[in-house]
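Q: I would like to learn how to read salt bridges in a structural model. Could you take me through the idea and then apply it to a case?

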Amino acid sequence: MIPRLHARAHSPREPLAEALRRPLSPNEGLTEYTVVTHWPGLDYYTPDDEQKTWTSVEWAEHLEDPYLEHPFAASPDDDRHAILHLDVRLHPDDRELTGPEWSETAHRFARAAGIEVPGAAEHGWRWIAVQGQPGRLDLLANLIHLDGTWRTPPADIRQRLAGEARRIEQDLNLIPVRTGTTQWSVARTVPTASSQLAGVLTQLADEQAGPLATVRGLVEHTAYRIARQPGAAGTDTAHRLELIARRLHAIQQDLDAAAAHLVQPRAAAAPAATQRAAHRSP
């Protein structure tokens, strides 16, 4: 089990779409098999007669609400990137976890990340856990507390997450990282010139922390805010901004593909042919 902490984002929409592996939809309801659990305070926040199956857009808006409720809340670095995104991946040969096991895993990682405090169910941070891909769990949280304060994750959050992953592996009888296959481990290699240049392109294309992601995020957030304004002019402007954001996303994908092409191994056709000829000779 490997936890991966992404760079903080300004909006939950891109991380949630990544978790689901599809665009957000205002029509498709996400069941309890997809959103396997959420912050305990949601039970206090949601009226008993309210619909429990929300769409992916509604879940994103739920995580965005602290921005609107506390417009001046900011990090110690004076930024508004309040969305924490953590994904956890199982070993390829691990068994499928049940819904309750995914739920318990999510709560344990939420506590390790410091966004869930036992005994404070109705007073905390909004977060949800999504099981949208086989063998993977995504946890998304807004670091703006319900009282308007900013929750800075622990300085040793990566060590805490790694330690919790080891304990969960033991408790659920999962394959530990140290005994994984070659594909499971990360080999140390000397970077080539192509891989270094590919790294530059990958940084530009990074959908969480790259410069294009920042620009795209600002455009998307502006479109979202404008769309809430009354009048047809605002709707038209929001639509144009959404198209600009899509073009930026296409550029990110092109850069990512170019980076992958740089590091793609080239077929050694001539040596292979020589080997085949040598094998045929008496």
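The dialogue below turns to the salt bridges of this predicted model.

Q: What counts as a salt bridge, and how many salt bridges does a search of the whole structure find?

A: The general idea is a distance test: a side-chain nitrogen of Lys or Arg must lie within 4 Å of a carboxyl oxygen of Asp or Glu. In this predicted model, a search of the whole structure finds 22 salt bridges.

Q: Which parts does the salt bridge between Arg126 and Asp65 tie together?

A: One looks first at the distance and then at where each partner sits. The side chains of Arg126 and Asp65 meet with N and O 3.4 Å apart. Arg126 belongs to the loop between α4 and β4 while Asp65 belongs to helix α3, so the pair ties together parts that are 61 residues apart in sequence. Both Arg126 and Asp65 are buried.

Q: Where do the partners Arg108 and Glu164 lie?

A: In this salt bridge the closest N and O atoms of Arg108 and Glu164 are 2.7 Å apart. The pair links distant parts of the chain, with Arg108 in helix α4 and Glu164 in helix α5, 56 residues apart. Arg108 and Glu164 are both buried.

Q: How many residues apart are Arg216 and Glu220 in helix α7?

A: Arg216 and Glu220, whose closest N and O atoms are 3.2 Å apart in a salt bridge, are four residues apart in helix α7, which means a separation of about one helical turn. Arg216 is buried, at a relative accessible area of 8%, whereas Glu220 is partly exposed, at 27%.

Q: Which residues are linked in a network of salt bridges?

A: Such a network joins Arg4, Glu18, Asp87, Arg89, Arg136 and Asp138.

Note on methods: Residues are numbered from 1 along each chain as its sequence is written. This is a predicted model: local features need pLDDT of at least 70, side-chain atom pairs count only at pLDDT 80 or more; totals for chains, interfaces and linings use all residues. Side-chain values use heavy atoms; hydrogens and water are left out. Helices (H or I, at least four residues) and strands (E, at least two) are DSSP runs, numbered from the N terminus. Buried means under 20% relative accessible area, exposed over 50%, partly exposed in between (1.4 Å probe, protein chains only).
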